[in-house]
Amino acid sequence: MPIPTTEIPRSPDAQGRAALIEIYDRLLERHGPQRWWPADSPFEVMAGAVLVQATAWANAEKAIRNLKAADSLSPQAIRLLPTDDLETLVRPSGFYKAKARKLIALCEYLGERHADDIAAMAAQPTEPLRAELLRIYGIGPETADDILLYALGHPVFVVDAYTRRLFHRMGLADGKSGYDELQAIFHRSLSPRDAGIFNEYHALIVRHSNSICRPRPRCSECPLESLCPKLGV
């Protein structure tokens, strides 16, 4: 769901803070606000976070359109769908049997634990809620944090392959850094944690990585070129 862009507070720097602010400002100036996540409801964000695993967003979007057309984009509807029918609807997203199973597991959790009340779910403390999400079949750290940040508005930074590539090239993270280690850089340096900033920052990283900082980067077009040692290029 869209979260308005906010500025990162210019309080005294923590380690790495100045660099992260400079990168954010340059990406925002180049690409503009991204208004992520593109969805009509928090549950659509949750479903999208599952369906986009190991595929391009365009493929996940086709599966979401199928679910909408079948009037099945809700926890209740998915729980009632025969598994074969759900698999057919989500087939465009790839790995459709596994993704159907993951969606069913998520929807069973939402019904059993939260009575499908996503607003009440969002009001729960972040860490216990994250731990619950990670216990659901098919929900790993990135998907859990997509749900927390984009569907529920919790201030957690999402780390993905784009984040790893960009910040390794920028010399701000080791190419072998784990998920929690990379996430901690953002949580520590951009404190106090702010969902609006984390939302916009991650969306900008994705936009920049798709358009400029690609596997074969277009460095001459990059607003970060003067900051970048091009490690890992």
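The buried residues of helix α9 pack against α2 (42–51), α8 (126–134), α11 (179–189) and α12 (195–211), where contact means heavy atoms within 4.5 Å and buried means under 20% relative accessible area with a 1.4 Å probe and protein chains only. The model is predicted, so that local features need pLDDT of at least 70 and side-chain atom pairs count only at pLDDT 80 or more, whereas totals for chains, interfaces and linings use all residues. Residues are numbered from 1 along each chain as its sequence is written, and side-chain values use heavy atoms, with hydrogens and water left out.

Helix α9 spans residues 141–151, and nine of its eleven residues are buried, so the helix is largely enclosed by the rest of the structure. The buried positions are T143, A144, D145, D146, I147, L148, L149, Y150 and A151. Following α9 is G153, which has a positive phi near 75 degrees. Helices (H or I, at least four residues) are DSSP runs, numbered from the N terminus.

Helix α9 also contributes to the largest pocket; together with α10 (161–169) and α12, it is among the elements giving two or more residues to the pocket lining. The largest share, five residues, comes from α12. The pocket has a volume of about 510 Å³, and of its 23 lining residues W36, V52, W57, Y162 and V206 lie nearest its centre. On a 1 Å grid over the protein atoms alone, a pocket is an open set of points with protein on both sides within 12 Å along at least five of seven lines, a cavity is a set where a 1.4 Å probe fits but cannot get out, and lining residues have an atom within 4 Å of a point. A volume is the space filled by probe spheres set on the points, which are joined across faces, edges and corners. The pocket lining comprises 13 nonpolar, six polar and four charged residues, with Ala, Val, Leu, Ile, Met, Phe, Trp, Tyr, Cys and Pro counted as nonpolar, Asp, Glu, Lys and Arg as charged, and the others, Gly among them, as polar.

Two cavities of 30 Å³ or more are present. The largest cavity has a volume of about 100 Å³ and is lined by 14 residues, with C213, P217, C219, C222 and C228 nearest its centre. Its lining has ten nonpolar, no polar and four charged residues.

Conventions
Buried < 20%, exposed > 50% of the residue type's maximum accessible area, 1.4 Å probe, protein only.
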